[in-house]
Amino acid sequence: MEYKVYDCKTYRIHTIKTDKFKNCWMEIMFRHELLKDEITENNMLVDVLMHSSKKYPKRRDVSIALENLYSTQLRGLVSRLGQSTMLSFVTEFLDPKYCDDGYLKDVIGFPFEMILNPNVTDNEFDNRSFGIIKNRIKSDIESLKENATRYAFRRTLQKMDENSPSSFYMVGYLDDLENITPASLYETYKNVLNNYVCDIYVAGNLDMDEVVQIIKEKFDIRTLKQEEINLYVSNKVRKTNLDIVEKGKYEQDTFVMLYNLVNLSKKERDFVIHLFNIIFGNGGLTSKLYKYLREENSLCYVVSSMYQKYDQLLMIYAGIDKKDKNKCIKLVNKALTEMANGDFSDDDLENAKKTVISSIKMSEDSLGGIVNNYLFNDLDDLPLYEERIKLFKEITKEEIIDIAKKIKLNVIYLLGGEDNARDNT
Amino acid sequence: MQEIILKGIDEKLYYDKCDNGLPVYMLVNEKVNNFYITLSVKYGSIDTEYKVKGDKNYKKVHDGTAHFLEHVNFNESDGFTAHDYFNKLGSSINAFTTFDFTSYEVFAYNEFEKNLNHLLDYVQTPYFTKDLVEKEKGIICEEVKMGKNNPGHKMYYGMYKALFKKDKRKNYVTGDVDDVQAITVKELEAIFKTFYHPANMFLVITGNFNPYEAIGMVKENQAHKEFPKYLNPIRKRDKEPIGVNTNYQEIEANVEIPKVKICYKMAKSLFKKYDERLINIYLSIILRNNFGSTSYLREELLEKELVVSIGAGREIFNDIVTLEINMETKYPKEVIPIVQEKMRNLTLNEDDLQRRIRCNIAALINDYDDIEYVNSDIADQLITYGKVTDNMYDIYNNLKLDEATDIIKQIDLNNSSIVLLVPYQETK
């Protein structure tokens with residue numbers, strides 16, 4: 001695997017040459033500080049750009065062109081990394097050795113054609129594409145409650161602090177959506193190209209000098225910025241935790257406990273907490289939470305604890321029956337106390353390390369994983385795979401015990417089913 | 001050991017069979033770190049009635065027995081499960097149950113032999129106690145409720161209930177809460193004894209490993225175990241009539257925007273000129289062309305804001321073919337007749353067909369990068385067709401417009417169900 005960075009003045013191209021796959025990956029990323037009132041408009045923008053362009057005025061034209069490029073997959077997405085946001089455009093395409101001459105140039109050029117020559121007339125996006133996307137995003141926002149777990153997470157974070165970027169709803173907000181026009185969207189478009197930081201990652205078995213040449217020709221842009229963006233959100237700690245119960249029409253009740261991670265060092269954030277969490281609640285079917293809630297007390301089918309690195313939060317959730325809420329709280333507390341008391345074996349720690357190493361090895365088997373390896377090294381100085389494995393191996397039991405003392409409860413939340421939720425299938 | 005060349009795509013499938021009847025399929029990818037092993041049992045949720053030689057009547061077990069068995073089969077002794085063993089290796093394991101089969105899987109990057117042996121050992125060694133079975137009931141009931149929380153799940157079973165009169169696909173794979181509560185150790189033991197026989201299983205290994213060493217290990221492992229003679233159980237399959245159960249049904253669910261399924265049910269024999277795989281490929285291409293992202297209809301419905309999304313699919317169950325169109329729409333009354341009209345006028349031209357062939361071939365080449373995908377594709381082929389096709393590349397290249405047109409002509413739209421998922425009505 002060979003990694004290179006090409007500095008193109010206003011953006012950088014990162015190339016990762018590997019012959020591991022028959023598929024290739026290009027990801028064009030635009031990053032910026034996350035602003036709540038830009039979320040909805042950014043979502044609209046990414047979808048509208050992927051929907052049509054000057055050259056391909058309807059979605060159908062785009063789909064046909066992509067299918068002709070040997071079923072190339074192109075998608076845009078907006079994500080949040082702590083207090084920053086990322087608009088990314090991913091192109092997955094077949095190794096050119098299986099394709100016609102000229103394919104590489106066409107396939108690399110395709111997303112740039114979509115992004116740089118949008119379906120815009122008189123400084124306004126095409127009304128038809130605009131309407132379709134607006135309708136879809138509206139439906140996405142409205143259907144939040146269909147997924148009980150997602151809805152419970154969202155409510156928990158809002159209760160924690162609705163001004164924290166950690167609680168922002170990345171699908172968007174209805175009020176903001178109503179105010180977006182084809183003209184305002186074009187302003188947003190220009191804002192992204194003028195103020196965002198851009199990186200392009202290309203991975204696969206490709207002649208990277210040729211790829212870089214093609215990108216430079218297609219993406220001749222001088223307005224982008226190159227600046228550091230802080231990722232980490234510092235969420236406030238609460239002296240006494242909140243305890244909230246809400247209702248919805250669900251068959252199963254969703255239980256959440258949200259914790260702040262206070263003053264973790266870089267080593268703790270990158271390494272120790274992962275091992276802690278595997279033993280505590282995220283180690284699949286052998287963690288303490290799994291054992292106590294599911295195996296010993298049959299309280300749930302799903303239970304897990306999720307580490308939200310850039311928010312410095314730990315979120316436990318389980319699908320339970322609401323009458324068992326207090327029992328669940330007790331068992332979670334028991335597991336956490338045991339962690340703080342060092343009540344886990346050396347074997348548990350060794351097994352957790354093996355689990356982490358396995359997941360790193362797994363991630364090395366996918367192009368998306370390989371791109372993330374270099375991306376997070378670049379954004380957050382996260383060591384690369386081999387170094388990461390080495391450092392994980394060095395973590396001690398004492399370090400895990402120390403971190404257990406830096407976990408502070410913020411919110412207990414229960415999304416309870418109403419008694420009239422029916423199953424009438 | 002047989003080496004089966006998968007023509008046109010540079011891949012080779014290894015096949016062998018153990019003396020006790022266990023078939024083994026292997027596909028190597030030396031460029032990846034990991035290997036993925038699945039041991040599947042041809043016993044699924046619809047196999048609730050069966051008999052063996054000498055039985056007068058069919059024996060019956062509760063709905064959800066296959067899935068329940070999958071859960072408790074992880075127990076190896078009191079207080080020790082397969083999870084504990086594989087956790088020490090750093091491997092990840094899982095299992096799932098479908099209508100047709102149950103599959104146990106392990107994913108890892110080292111200790112190939114230990115992973116392989118232990119997968120075979122724990123799946124093939126039962127340990128069911130009353131306490132373990134009782135304990136599992138609460139867990140599975142929460143799993144059932146989790147499914148019911150999901151509108152997609154409600155729609156899925158709503159459709160099968162509307163379409164099928166006899167077919168057991170209308171029942172939850174997990175069983176309902178009452179079924180789960182009623183399942184007994186005895187039932188589980190009987191099913192294990194009857195169906196968990198090597199001759200009724202198959203092993204699929206994909207990823208980075210040596211196939212010659214692997215087959216040696218499997219044979220050695222199996223040679224040390226004793227199994228009674230396989231009784232070749234007969235699974236009761238009631239003949240499913242072509243008529244549907246309900247033409248129209250509304251189901252209340254936790255949705256904001258109604259979801260609609262329009263389903264058609266027809267006899268597979270309408271397409272008897274073509275083998276099942278070909279029927280599947282042609283129907284998929286036809287539906288995609290008329291309702292997918294390159295269709296005029298989809299473009300039009302989106303532009304008029306009549307739908308939020310639309311897609312289509314097809315399935316073949318024994319003698320029945322089903323076609324389904326799925327939509328999210330606030331205007332079901334307006335959209336349903338438009339879709340029905342389109343179904344009466346399905347089209348495909350030569351350009352469309354050639355483009356789809358190119359896409360299918362690109363996907364065929366691509367998919368072999370993913371050892372999980374390849375593994376489950378092999379398993380699905382074995383369940384659906386009883387064998388792995390070695391000439392997909394040629395099959396795609398030989399697709400013909402006149403055959404596709406003929407398939408369109410044979411489609412029978414006389415038996416259909418419409419299922420609507422609608423928001424809960426306020427009960428004030």
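## Mixed sheet of chain A

In this predicted model, five strands of chain A form an open sheet in the order β9-β13-β10-β12-β11, with mixed pairing. Strands here are DSSP runs of E with at least two residues, helices are runs of H or I with at least four residues, and both are numbered from the N terminus; two strands pair if DSSP finds at least two bridges between them. The edge strands of chain A are β9 (242-248) and β11 (303-308), each of which pairs on one side only. From one strand to the next, the twist averages 15°.

Within this sheet, strand β10 (residues 253-261) and strand β12 (residues 313-320) of chain A run antiparallel and are joined by eight bridges. A:Asp253 stands opposite A:Ile320 in β12(A).

## Conventions

Residues are numbered from 1 along each chain as its sequence is written, while chains are lettered from A and ligands numbered from 1 in the order in which they are written. Because the model is predicted, local features need pLDDT of at least 70 and side-chain atom pairs count only at pLDDT 80 or more, whereas totals for chains, interfaces and linings use all residues.

## Antiparallel strands of chain B

Three strands of chain B form an open sheet in the order β6-β5-β12, and the pairing is antiparallel. β6 (59-60) and β12 (234-235) of chain B stand at the edges with a single partner strand each, so one side of each has no neighbour in the sheet. Strand β5 (residues 49-51) of chain B pairs with β12(B) over two bridges, and B:Tyr50 stands opposite B:Arg235 in β12(B).

Elsewhere in chain B, nine bridges link strand β15 (residues 309-317) to strand β16 (residues 320-328) in the antiparallel sense. B:Ser309 stands opposite B:Glu328 in β16(B). The two strands β15(B) and β16(B) form a hairpin with two residues between them, and B:Asn318 in the turn has a positive phi of about 50°.

## Nonpolar cores

A nonpolar core is a set of buried Ala, Val, Leu, Ile, Met, Phe, Trp, Tyr and Cys residues joined through C-beta atoms within 7 Å. A residue is buried if 20 or more other C-beta atoms lie within 10 Å of its own, exposed if 12 or fewer, and partly exposed in between, with C-beta atoms placed from the backbone.

The largest nonpolar core has 170 residues, of which A:Ile200, A:Ala203, B:Leu119 and B:Leu203 touch the most other members. Helix α9 (residues 276-291) of chain B supplies the largest share of this core, eight residues. Apart from this core lies another, of 56 residues, among them A:Leu313, A:Phe344, A:Leu409 and B:Met146.

Leaving aside neighbours within four places in sequence, B:Leu203 is in contact (C-beta atoms, placed from the backbone, within 7 Å) with B:Leu22, B:Val24, B:Leu39 and B:Val218.

## Helix packing in chain B

α9(B) packs against helix α15 (residues 401-410) of chain B at an angle of about 80°, with the axes 10 Å apart. Axes are lines fitted to C-alpha atoms, for helices over the stretch in contact, and angles run from 0 to 180 degrees between N-to-C directions. The angle makes α9(B) roughly perpendicular to α15(B), a class that covers 65 to 115 degrees.

B:Tyr282, B:Leu283, B:Ile285 and B:Ile286 in α9(B) meet B:Glu403, B:Ala404, B:Ile407 and B:Ile408 in α15(B).

## Surroundings of B:Ala267

B:Ala267 is found in strand β14 (residues 259-267) of chain B and counts as partly exposed, with 16 C-beta neighbours inside 10 Å. Leaving aside neighbours within four places in sequence, B:Ala267 is in contact with B:Ile242, B:Asp319 and B:Ile320.

Definitions and conventions
Two residues are in contact if their C-beta atoms, placed from the backbone, lie within 7 Å. Angles under 35 degrees count as roughly parallel, over 145 as roughly antiparallel, 65 to 115 as roughly perpendicular and the rest as oblique.
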